[in-house]
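Colleague: Could you walk me through this one slowly? I am still learning how to read such pictures.

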Amino acid sequence: MLRWTSNIIDSSPSLKEAAKVIGKVAFQAWFIWKSRNGLVFNHEQVDPSSTIIRAAKAQSEYELINAVQSQVLDHCDDPPLAISAWRKPTPGSFKINCDVAMKREGLRANAAVVVRNDRGELTDGSTYFFKCSSVLQGELEAIRKACFLARDMCAVPVTIESDNKTAILLSASELVPPWEVYPLIMDIRAVKKQRNLEFIWVKRSANKVAHRVASLAAKGKLSLDWVANSPASLVSLLLHDNQWQNLLYQRCGNIDIPYPFGIGPSCPIADGFAVTCNDSFNPPKPFINSINLEVLHVSLSGTVQVNNPVIASNCSGRADGQDVNFLAIQFSFSDTYNRENYSTLPMYTPFSHITYGVHAGPTRRPHMLCEGREY
C-alpha cells in the first residue's frame, strides 16, 4: 500500500491530483467495508452500483466542504472555535439548536429544531422529513427551518447553533455558496438580515438535544407532542444541560461568571477562583475573593476585566491602581491587554485586565505606556 501511494504521488502532476486519486480509493474501500458489514451483521442486500455511487457522493461532498472552508478561512483572520458545552442564552433571548439525522441510503433525512429560553426550558421545536443528496444540504435544511421559526418569534433576540462548521460558516458569511445549496443559503441569509440572527458553531457535545430529537424522529419514536411530553431520554439530556450549565456558567447581577470561576464553595476550580456575589449593590456585583477586586467581565480566552485602574506614572489626571498580591494564586496583570488597549488613551482608565492560569509571583500593579515611556 505504501509503495502504491508513493507511485501515485510520483506519477501525478500535482499533490492535489494525487490526493484526489488516493481519496477516491479510500472512499471506495470504506463504503465497500460498510456494505460488507451490513451484509454480515444485518443481513442487508448489497448493491455494488449503489455502493460505488454513495462513495463517489461522499468524496464529492468532502471536497466541496474543504473548498468552502478554505474560501471562508481565507477571508477570516481569526476562525471561530467550536463551543463544547451548551450554554443558556442571554436574559430575554432564545437559543435554537438544529441537527439532521440521515438515513443509511443517504437520500432521506429528518431535521430537528429545538428552542430553549434563558432558563434552559424547552419552549418549542419541530421535526420534519425531507429528501436530500448530502449531509451539508441536510444541515442547511435544518438551519433554514430554524430561521423560519426565529422569524415568527417577533422581535425576540435569537441565536441559532449547529454542529456543522461548514453550514454555519456559509450561513454567517457573504461568500458565494456552492450551487448545490445556493437556494438554501439565500433563504437563510434573507431571514438573517431581516431578524439580525446570530449563528454559532458548536461541538456535538453542545448539540446533544437536537441530535437526539432528530434521531428519535428518524426512527419513528417521537410523539407529535414531544415538546410538552418529552421522552425520558430527552428529559435526561435537558436536565444534564441545565445542571452542567449551572456549574459552568453562573451569573451575578449583569455579569456572567463562567468556569473555572464560580460562586459558592463547590463551583470554582480552586479557592483562588472563588467569587462572592455582593447583593448590597443594585444590581449585585461579583468580587474575586482572593484579590478582592470587582469583576467586570470574564473571557473564556483566559482574561478577566477587573475594576482596578491602570497605573500611568508621571501622567497628570490619572490615578494609580491598587497593589495586588498574586504570590499564592494563578493570576497576573496582562501586559498585552493593558498596554494594547489603553496605552494610547488620553484619559484615565478605570479598569485593567488580569490573565488567569499563570503564576505572577510577588505584588504587582497594572501598568501602561505614558508619553512614550513604560512604567
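Colleague: How many bridges join strand E1 to strand E4, and do they run parallel or antiparallel?
Modeller: Keep in mind that this is a predicted model. Strand E1, residues 94–102, and strand E4, residues 158–162, run parallel and are joined by four bridges. As one example, Asn97 has Glu161 in E4 as its bridge partner.

Colleague: What holds strands together in general?
Modeller: Strands of a sheet pair through backbone hydrogen bonds, and the pairing can be either parallel or antiparallel.

Colleague: What is the order of the strands in the open sheet?
Modeller: The order is E3-E2-E1-E4-E5, which makes five strands with mixed pairing. Strand E3 (122–131) and strand E5 (198–201) are the edge strands, each pairing on one side only. On average, and ignoring direction, neighbouring strands of this sheet are turned by 20° against each other.

Colleague: And which strands does helix H7 touch?
Modeller: Helix H7, residues 208–218, packs on the sheet and touches E1, E2 (108–116) and E3, while its direction makes about 140° with that of E2.

Colleague: Switching topic, which cysteines are joined by a disulfide?
Modeller: Cys252 is joined to Cys277, with an S to S distance of 2.1 Å, and the count comes to one disulfide. Cys252 lies in strand E6 (249–252) and Cys277 in strand E9 (274–278), so the pair ties together parts that are 25 residues apart in sequence.

Colleague: Why is that disulfide called right-handed?
Modeller: The torsion about the S-S bond of Cys252 and Cys277 is about 90°, so the disulfide is right-handed.

Colleague: Are those two cysteines buried or exposed?
Modeller: Cys252 counts as buried because its relative accessibility is 0%, whereas Cys277, at 29%, counts as partly exposed.

Colleague: Last one: at what angle do helix H1 and helix H2 pack?
Modeller: Helix H1 (residues 2–11) and helix H2 (residues 15–42) pack at about 145°, with their axes 8 Å apart, and their crossing is right-handed. Residues making the contact include Trp4 and Ile8 of H1 together with Leu15 and Val21 of H2. The contact residues divide into eight nonpolar, one polar and no charged.

Key. Residues numbered from 1 in each chain as written. Predicted model: local features only at pLDDT ≥ 70, side-chain atom pairs only at ≥ 80, totals over all residues. Heavy atoms only, no water. Pairing = 2+ DSSP bridges. Helix = DSSP H or I, 4+ residues; strand = E, 2+ residues; numbered from the N terminus. Axes fitted to C-alpha atoms, helices over the stretch in contact; angles between N-to-C directions. Contact = heavy atoms within 4.5 Å. Disulfide = S-S within 2.5 Å. Buried < 20%, exposed > 50% of the residue type's maximum accessible area, 1.4 Å probe, protein only. Left-handed = near helix turned anticlockwise from the far one by under 90°. Nonpolar A, V, L, I, M, F, W, Y, C, P; charged D, E, K, R; others polar.
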